[in-house]
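Me: I am new to this structure and would like to look closely at a single part of it, the interface between the chains. Could you walk me through it?

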There are 2 protein chains.
Amino acid sequence: MKPPEKAFLDYLASRNLKMTPQRRLILETFIKADGHISSEELYNKVKAKDPSVGQATVYRTLKLLSESDIAEAVDFGDGVARYELHYGQEHHDHLICERCGKNIEIVDPTIEKLQEDLAEKYGFELQRHKMYLFGVCDKCKKKSED
Amino acid sequence: MKPPEKAFLDYLASRNLKMTPQRRLILETFIKADGHISSEELYNKVKAKDPSVGQATVYRTLKLLSESDIAEAVDFGDGVARYELHYGQEHHDHLICERCGKNIEIVDPTIEKLQEDLAEKYGFELQRHKMYLFGVCDKCKKKSED
DNA sequence: CTCGATGCAAACGATTTGCAAAATT
DNA sequence: AATTTTGCAAATCGTTTGCATCGAG
């Protein structure tokens, strides 16, 4: 499978868009960050490498990366849009600690299958889903026992 | 089980807050709307009944309703905060048609159980979850066959 | 050379907040 | 009477857009 950089280049070419140093830097920084990064966080990291890059360019590039399915938006419901690397990654859901914010990526094939069945039962063709489990992690549970 | 109006009254009393005609009207309108209503939609309905009510009051009341678990925010990822009646309702998830926006409330006990197990496996104490299935409904599928 | 891309600042939409006046307990 | 609530408008937050300039192809 081609690397994300190449996939992005292809996407740009297919749309008659251009590769630029800014886009290269933003993608590279995004991949290295490899988490659930917000546009602003990404902007700060990028700015550290090249202070001349504008915030709008980060927003615009992140949009392109989403359109090309290289990035995907994840929404933890806290009002901030976050992105994660999607290209070449397996699907996963999220298990989030409401105390410390720890975030574990999870998959359960049985649940995935049941979701398909459930959608079908209602005549839907399932395209994607988002599942977030919110709870309290081990560490935070222990902490509260003090 | 006491009606939501009473539950709200109790919540207000417990916090030394006051019941007002505006809050009464907003809650009543919210309950009648009974769907996945945004603050602005609710504001418009309320305004139709009493044009003197301000938008900020609707936002503030919706916040109170959420805090008291009478309403719950649902997020379909389209950037608009929606609310649904939570008090006295059973938990459910959402099956959303990406074409027409149709929204079906669903529950699958098996999935619910598996979510519990999954959280436990990672040492989490599950508190709540959100599951959204996005797809294309029957009608829209047929429409696209034309 | 031609478009698309950039940085900036202004514009935006949803939500929140400060404030003085009004209403509830 | 004391304190909360209200409506209004201004402020805020994250994000988007218009524009003149810059740069990739």
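Predicted model: local features only at pLDDT ≥ 70, side-chain atom pairs only at ≥ 80, totals over all residues.

Reply: Happy to! Let us start with charges: chain B and chain A share 2 salt bridges, a salt bridge being a side-chain nitrogen of Lys or Arg within 4 Å of a carboxyl oxygen of Asp or Glu. In one of them, A:Arg128 pairs with B:Glu98, and the closest N and O atoms are 2.7 Å apart.

Residues are numbered from 1 along each chain as its sequence is written, and chains are lettered from A and ligands numbered from 1 in the order in which they are written.

Back at the interface, 14 residue pairs are in polar contact, both partners being at pLDDT 80 or more. A polar contact is a pair of N or O atoms within 3.5 Å; within protein, one must be able to donate a hydrogen and the other to accept it, and residues adjacent in sequence count only if both atoms are side-chain atoms. Several elements of chain B each supply at least two residues to the side that touches chain A: strand S4 (93–97), strand S5 (103–106), helix H5 (109–121), strand S6 (125–136) and helix H6 (138–143). Here helices (H or I, at least four residues) and strands (E, at least two) are DSSP runs, numbered from the N terminus. S6(B) gives the most to this side, with 12 residues. Sorted by class, the side of chain B that touches chain A holds 18 nonpolar, 6 polar and 9 charged residues. In this sorting, Ala, Val, Leu, Ile, Met, Phe, Trp, Tyr, Cys and Pro count as nonpolar, Asp, Glu, Lys and Arg as charged, and the others, Gly among them, as polar.

How far does the meeting surface reach? In contact (heavy atoms within 4.5 Å) are 33 residues of chain B and 34 residues of chain A. Together the chains bury about 3,100 Å², with 65% of it on carbon and sulfur atoms; buried area is the accessible area (1.4 Å probe) that two parts lose on being put together, summed over both. On the chain B side, B:Leu118, B:Phe124 and B:Phe134 lose the most area to chain A, together 20% of what that side buries.

Now follow S6(B) across to the other chain. Strand S6 (residues 125–136) of chain A runs antiparallel to S6(B), and 11 bridges join the two; strands pair if DSSP finds at least two bridges between them.

Finally, how are the two copies related? Chain B can be laid on chain A with an RMSD of 0.1 Å by a turn of 179° and a shift of 0.0 Å along the axis, which means that the relation is that of a two-fold axis. The copies are superposed by least squares on the C-alpha atoms of residues with pLDDT of at least 70 in both. Among the residues of chain B, B:Met131 comes closest to the rotation axis, with its C-alpha at 2.2 Å. The same surface serves both copies, as 100% of the contact residues of chain B recur in chain A.

Key: Heavy atoms only, no water.
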